[in-house]
Amino acid sequence: MKYIRRTIEPYIEESVSQFPVLVLTGPRQSGKSTLCRELFPAYAYVSLDDPWQRKAAQDDPALFLESLPEQVVIDEVQYAPGILPYIKMAVDADRRRTGRYILTGSQAFHMMQGVSESLAGRAAIFELLGMSLKEVPARGNESLVEVFERILHGGYPDCLVHGVDWRRFYSSYVTTYLERDLRQILDVQELSRFHTFLELLAARTSSVLNKAELSRTAGISAKTVERWLFILEAGRIIYRLRPYSKNISKRLVKSPKIYFTDTGLAAYLLNYPRAASLAEGLHNGALFENFIVMEIEKYRSSTNAAFSLFFYRDSHGNEVDLVLDAYPEPIYIEIKMAKAMKERQLTSFMKQLDQLMPGRGVLLSLYGESLRIDRRVELVPWHRVHDHLPAE
């Protein structure tokens, strides 16, 4: 199968030469195992997906580690978190040795809790999301349907690169996620309701989260809504975009916007049969915005670029889709699923910029060329979003 180089690779290779442990998290099927096999062919490879390996790691983690070679990739390490203190002891016995353990895992919260408790200061930590436009570039002259073909297929390598049927892939993905990752957390009755909850969230992608409305619609308590959102965020199924405020404490209490880390999964949950119907459907603008937001988050996550993502909304409901809190100046990004900007849209964006800290404005759209609108704002084609992001 064809291997596509990932943006994150040089940062991982550099860190392996500096740290004794490297931790690679990310959602299922994002390519973690494939990347590790490609970058580190000389390393032994152990997967705790294997029930025998998992049992050995759980029953006697010390003996399990002693049986492994000096350099090893341990895949799906969240299934045996008890090995992490023993990795710490092995590392502390000889802190000068780097690149000893490469750990991967899909359930980020439980895994990272163990890492923070056992391996603080000893591990370099990375997250691998789906493939980006930098890794699988667009031609630049796609039709609207072709743009939504990309959105429909999402960023997982099986669909985007290897030609796996997207509906079969996401059907299996949802079943595996519900049956395998969540069965230990939710009971059987909750699993069925949780699937409905996923579909309701997909219909609200790119929207400000209203927990009370979601609670009423889903027929579950507000406490359950928060618990399930936490599970989805920890599993990197959804991404919460916080509101921008000069007062940092206000960012934490105001409602975030919700996105899916993979647009293919969102489109599948919304039951769109093909790209043409998605391009004309009710959720076309929301999924286009979701796609662009996650492209920028993939870039930030892969390169460790020094900026944070927010959205801005004032008390009158006026909004800027993205605020990149970057040095030396913020970048304000408006996302429009249109080939031509209307005068009122440009005027509205300019007025919003007048209310914010001085910075650079970018209008991302389906327009085919870059165009300077004024000294503050540039019109940029959707597929060239990475050209206008802060330096790494």
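This is a predicted model: local features need pLDDT of at least 70, side-chain atom pairs count only at pLDDT 80 or more; totals for chains, interfaces and linings use all residues.

Trainee: Which residues line the second largest cavity?

Mentor: The second largest cavity is lined by Arg 6, Thr 7, Leu 128, Leu 129, Gly 130, Ser 132, Lys 134, Glu 135, Lys 298, Tyr 299 and Ser 302. About 50 Å³ of space lies within this second largest cavity. Sorted by class, its lining has 3 nonpolar, 4 polar and 4 charged residues.

Trainee: How many cavities of 30 Å³ or more does the count give, and how much space lies in the largest cavity?

Mentor: The count is 3 cavities of 30 Å³ or more, and the largest cavity holds about 70 Å³. Among the residues lining the largest cavity are Met 131, Arg 150, Phe 291, Met 294, Glu 295 and Lys 298. Helix 16, residues 284-303, provides the largest share of that lining, with 4 residues. The classes divide into 4 nonpolar, 4 polar and 4 charged.

Trainee: How should I read a pocket, and which residues lie nearest the centre of the largest pocket?

Mentor: A pocket is an open set of points, whereas the probe cannot get out of a cavity. The largest pocket contains about 570 Å³ of space. Its lining has 32 residues, and Arg 28, Gln 29, Ser 30, Gly 31 and Asp 158 lie nearest the centre. Helix 2 (32-39), helix 8 (157-160) and helix 9 (166-181) are the elements that each give two or more residues to this lining. The largest share, 7 residues, comes from helix 9. By class, the lining of the largest pocket has 11 nonpolar, 11 polar and 10 charged residues.

Trainee: Tyr 177 lies in helix 9. Is Tyr 177 buried or exposed?

Mentor: Tyr 177 has a relative accessible area of 7%, so it is buried. Leaving aside neighbours within four places in sequence, Tyr 177 is in contact with Leu 182, Phe 194, Ile 231, Leu 232 and Ile 237. The C-alpha atoms of Tyr 177 and Arg 28 are separated by 8.4 Å, although these residues are 149 residues apart along the chain.

Trainee: What should I look for in the backbone?

Mentor: Most residues other than glycine have a negative phi, and most peptide bonds are trans. Gln 29 has a positive phi of about 70° although it is not a glycine. Gln 29 is found in the loop between strand 1 (21-25) and helix 2, and is partly exposed, at 43% relative accessible area. Asn 271 also has a positive phi, about 65°, and is not a glycine. Asn 271 lies in the loop between helix 14 (263-269) and helix 15 (275-280), and is exposed, at 53%.

Trainee: Which residues does a cis peptide bond join?

Mentor: The cis bond joins Tyr 327 and Pro 328, with omega about 5°. Pro 328 is in the loop between strand 10 (319-326) and strand 11 (331-335).

Trainee: How are charged side chains to be read?

Mentor: Side chains of opposite charge can pair when their charged atoms come close. A search of the whole structure finds 27 salt bridges. In one of them, the side chains of Lys 257 and Glu 289 meet at 2.9 Å, N to O. Lys 257 lies in strand 8 (residues 257-260) and Glu 289 in helix 16, so this pair ties together parts that are 32 residues apart in sequence. Lys 257 is buried, at 1% relative accessible area, and Glu 289 also counts as buried, at 10%.

Trainee: How far apart in helix 16 are Arg 300 and Glu 297?

Mentor: They are 3 residues apart, so about one helical turn separates them. Their side chains meet in a salt bridge at 2.8 Å, N to O. Arg 300 counts as partly exposed, at 24%, whereas Glu 297 counts as buried, at 5%. Elsewhere, Lys 88, Asp 92, Arg 95 and Arg 122 are linked in a network of salt bridges.

Notes. Residues are numbered from 1 along each chain as its sequence is written. Side-chain values use heavy atoms; hydrogens and water are left out. On a 1 Å grid over the protein atoms alone, a cavity is a set of points where a 1.4 Å probe fits but cannot get out, and a pocket is an open set with protein on both sides within 12 Å along at least five of seven lines; lining residues have an atom within 4 Å of a point. Grid points are joined across faces, edges and corners, and a volume is the space filled by probe spheres set on the points. Ala, Val, Leu, Ile, Met, Phe, Trp, Tyr, Cys and Pro count as nonpolar, Asp, Glu, Lys and Arg as charged, and the others, Gly among them, as polar. Buried means under 20% relative accessible area, exposed over 50%, partly exposed in between (1.4 Å probe, protein chains only). Contact means heavy atoms within 4.5 Å. A salt bridge is a side-chain nitrogen of Lys or Arg within 4 Å of a carboxyl oxygen of Asp or Glu.
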